[in-house]
Structure formats: C-alpha cells, structure tokens
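Welcome, and thanks for taking a look at this one with us. Please keep the sequence and the 3D view side by side as you read the briefing below.

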Amino acid sequence: MPQQTNKSTTILGIETSCDETSVAVLREGKILANETSTQMEHTVHGGVVPELASRAHQQMIFPVVEKALKDAGVTLNELDAISYTHGPGLIGSLLVGASFAKGLSMAISKPLIPVNHMEAHVLAHLIKDPRIEENPKFPFLCLTVSGGHTQLIQVHSAFEFEVLGETIDDAAGEAFDKAAKIFGLPYPGGPHLDKIAQMGNPDKFTFSKPRVSDLNFSFSGLKTSVLYFVRDQVNKDPEFIQKNLADLCASVQKTIVDILLEGFIKAIKKTGSKRIALSGGVSANSELRKRTLALGKEKNLKTFTLPLEYCTDNAAMIAVSGYLKFIEGNVSSDLSLTPTARYAIGSAGT
Ligand code: KG4
Ligand code: ZN
C-alpha cells in the first residue's frame, strides 16, 4: 500500500557491497548528505581482499553514519526508513551494512528497505541534485558499466528492468583494472589509466575486439591480447611500457569504449530509444562520457551522464532507490532477511 508521505519523508541509505562504506540522507528525493569512506587497505594487494573489506566496513560504518546525519542536519528520530544494499556484492561486506541497518531499524522502530545494487546504479539517474539538470523520463536505455557488471538495460519504470545484453565474461571495469595492472598502475587502475590516456595516442596500438552475439559483451580476450602484446614487446625492450605508457593506456581505453559503444548503438537501434544513460563506476571514464555525449548528439537523443560522485559506488543511489520503494509502500519488516551475493537485476533476490 502506498505510504502517506509528507514534505519531509527522510530516508537513510547504506551501501557496503564492496570497498566503499557509504551513507546518504535523502529528503523527498533530494540528497542532503552522501558520505563515502574508500578503503585504501586493498591497494597493496592489487585488488579487494574480502576479509579486509568486511573489517573496514565494521570499523567505518558508525562514523560514516554519524557524519552523514550531521552533514544533513538530521536526527535519527526524523528518519522514516532505512534502505541498504541487499546484494549483489561481497557477502561479508553486505552483512555489515545489513546488520547495521537491521539494528538501527529495531532501535528507532522504522522499516527496512532492501535494495538491489545494480538497480540502484540505474536509479541514480533519478537523484535530485542541483548538478543534475534533468532526470530521464521512462523508458530510457541505460548502459551500466562497473567493476563487476556490464549491462544494457531498458528501464521501463523504477521497478521494471529489462536486461537486453550483458558481459559473458569480464566486466568493463575489470578490463580497465587488469590492463592497468599489466602496465604497473596501482589498484583500482581504471581512473589512473583514464588520466594517463589523456596524454596518449589512441591509434598507436591495436588490440583484438571480441565477436559476440546479440547485445552481449566480452572483455577477457582483450585482456589476453594486451598481456601477450606487452610481454612480447618487453622481451625485446625492457623499457617498452615506460616509453609507451600513455599510448598504451589511450589505445586500451579506445578499444574498451569502442566495444561498449558498438553494443550501445545496436541496443539504440533495437529499442528505438530516444533517451540514453550511462551509469556505474566506469561511467566516470572521460572518454566513454565524451563519446556517449557525441553519439547522443549525432543521433539526436537525450543523453544522461551522472556527476562522478554518483557513478562509482555511493549510498545516494541506495537512498533514492529506497525512497522510490517507500512511496510505493514496498518496505520490509522481515528481520530474518539475509543479504545475497548474487542478485540479478529485476529479480526478487531472496
Ligand atoms: O560501480 P563501481 O564503483 O563498483 C562496482 O559496483 O563494481 O565500479 C568500480 C569500477 C572499477 O573497475 C574502477 O576501475 C572503474 O569502476 N572506474 C573507472 C573509472 N573510474 C572508476 N574505469 C575507467 N575510468 C575511470 N575514470
Ligand atoms: Zn557498483
């Protein structure tokens, strides 16, 4: 049953699916605070170590909640519900956020709203923020590109997601991170590669592109192609990477963006979409943003990109997803619900 909302419907959002502890406060769709603590302990390991991630969430969750409430100027008593990431993600990390959300829900006697992380990446486009000129109307076609997912989604409503295609192996973010690792860049490599690529020639090196059916993607062949090419060149000249770093980064970035845009163009054709959107951590990539905006202009489509803060993992997207469920009356009081590491977008997730 739809909830009675008033001008001050206030939701706390908690995101702990991977290596960011993030908490947001939202009032009537508007973000009042979005506080994120990024775990740096994984850098030396070259990737996220699940146990370290759970411990860091446990350490940071309380201070981040306190800071978000303080920044928003909101007290616990003013909250109407608590939304949290129910999955997909690292189970130990999800359990920290879910347990905290349940405890808080009991303490203040307010409902819980479990949220699907991948739906939230898409629904970040409905956040009201002065930096976002306009929110897309439904339906819109969203390319979600993150560290674990690459999906083309026809978004029919805030609750209806049609997956048109997705990766059959690595995600686009993994392709960026693995290539960056081969080039010796720190983890997570995507943002470093993006920065260095800006000084390079994207046409200097050519890497293999996959052959996949329909609207699916594949990135594992690209990783192998980069690995073998660099290994052969380094055998001939040990300083090959240092001498060609910017061109290598620019060429890999161009290949990944080419693959993504080929799929996007096919999906635009298939759906006849007039509105396209980018979401997920990789949608912070400067080349992907630039070329998507150019594509939208060329095809006369409304094109939506997010402020960088809402591309990478953040609790604002969890809070807005929770808010949309709350106003539909879709809340839970089931304190026995446990988070789920695998949780397909649009599914029930139990
Ligand atoms: O959405 P996200 O924050 O976490 C997941 O749900 O996976 O995405 C993280 C991914 C990482 O692979 C990271 O390297 C990539 O997003 N990423 C980027 C950029 N910023 C973040 N990849 C390329 N260029 C960027 N500027
Ligand atoms: Zn994510």
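S17 sits in the loop that joins strand 1 (10–15) to strand 2 (20–27). The model you are viewing is predicted, and every value here is computed from it.

**S17 and its surroundings**

- S17 is buried, because its relative accessibility is 4% and the cut-off for buried is under 20%.
- Which residues does S17 touch beyond four places away in sequence? They are T85, P88, G89, L90, S93, L94, H117 and D313.
- With G89, the C-alpha to C-alpha distance is 4.6 Å, although 72 residues separate S17 and G89 in sequence.
- With H117, there is a polar contact between the two side chains, at 3.4 Å.

**S146, in another loop**

- S146 belongs to the loop between strand 6 and strand 7 (150–157).
- Is S146 buried or exposed? S146 counts as buried, because its relative accessibility is 7%, and under 20% is what buried requires.
- The side chain of S146 reaches the backbone nitrogen of G148, at a distance of 3.3 Å.
- Leaving out neighbours within four places in sequence, the contacts of S146 are M118, A171, A172, G173, E174, G280, G281 and V282.

**S105, in a helix**

- Helix 2 (residues 91–108) is where you will find S105.
- S105 has a relative accessible area of 8% and is therefore buried.
- Setting aside residues up to four places away in sequence, S105 touches I82, K110, P111, L112 and L335.

**The nonpolar cores**

- In soluble globular proteins, nonpolar side chains tend to be buried together.
- The largest nonpolar core here holds 44 residues, and the members that touch the most others are F183, F219, I256, L260 and F264.
- Two or more residues of this core come from each of strand 6 (140–145), helix 4 (172–182), helix 5 (189–197), helix 6 (220–236), helix 7 (240–271), strand 9 (275–279) and helix 8 (286–298).
- Which element gives the most to this core? Helix 7 does, with 15 residues.
- Another core lies apart from this one; it has 36 residues, including I11, A81, C142 and I153.

**The largest pocket**

- At least two lining residues come from each of helix 3, helix 4 and helix 5.
- By class, the lining of the largest pocket has 17 nonpolar, 22 polar and nine charged residues.

**The cavity**

- How many cavities of 30 Å³ or more are there? The count is one.
- The volume of the largest cavity is about 40 Å³.
- V115, N116, E119, L123, A158, F159, S321 and K325 form the lining of this cavity.
- Strand 5 (112–116), helix 3 (117–123) and helix 9 (316–327) each give two or more residues to that lining.
- Four of the cavity-lining residues are nonpolar, two are polar and two are charged.

Note on methods. Residues are numbered from 1 along each chain as its sequence is written. Chains are lettered from A and ligands numbered from 1 in the order in which they are written. This is a predicted model: local features need pLDDT of at least 70, side-chain atom pairs count only at pLDDT 80 or more; totals for chains, interfaces and linings use all residues. Side-chain values use heavy atoms; hydrogens and water are left out. Helices (H or I, at least four residues) and strands (E, at least two) are DSSP runs, numbered from the N terminus. Buried means under 20% relative accessible area, exposed over 50%, partly exposed in between (1.4 Å probe, protein chains only). Contact means heavy atoms within 4.5 Å. A polar contact is a pair of N or O atoms within 3.5 Å; within protein, one must be able to donate a hydrogen and the other to accept it, and residues adjacent in sequence count only if both atoms are side-chain atoms. A nonpolar core is a set of buried Ala, Val, Leu, Ile, Met, Phe, Trp, Tyr and Cys residues joined through side-chain atoms within 4.5 Å. On a 1 Å grid over the protein atoms alone, a cavity is a set of points where a 1.4 Å probe fits but cannot get out, and a pocket is an open set with protein on both sides within 12 Å along at least five of seven lines; lining residues have an atom within 4 Å of a point. Grid points are joined across faces, edges and corners, and a volume is the space filled by probe spheres set on the points. Ala, Val, Leu, Ile, Met, Phe, Trp, Tyr, Cys and Pro count as nonpolar, Asp, Glu, Lys and Arg as charged, and the others, Gly among them, as polar.
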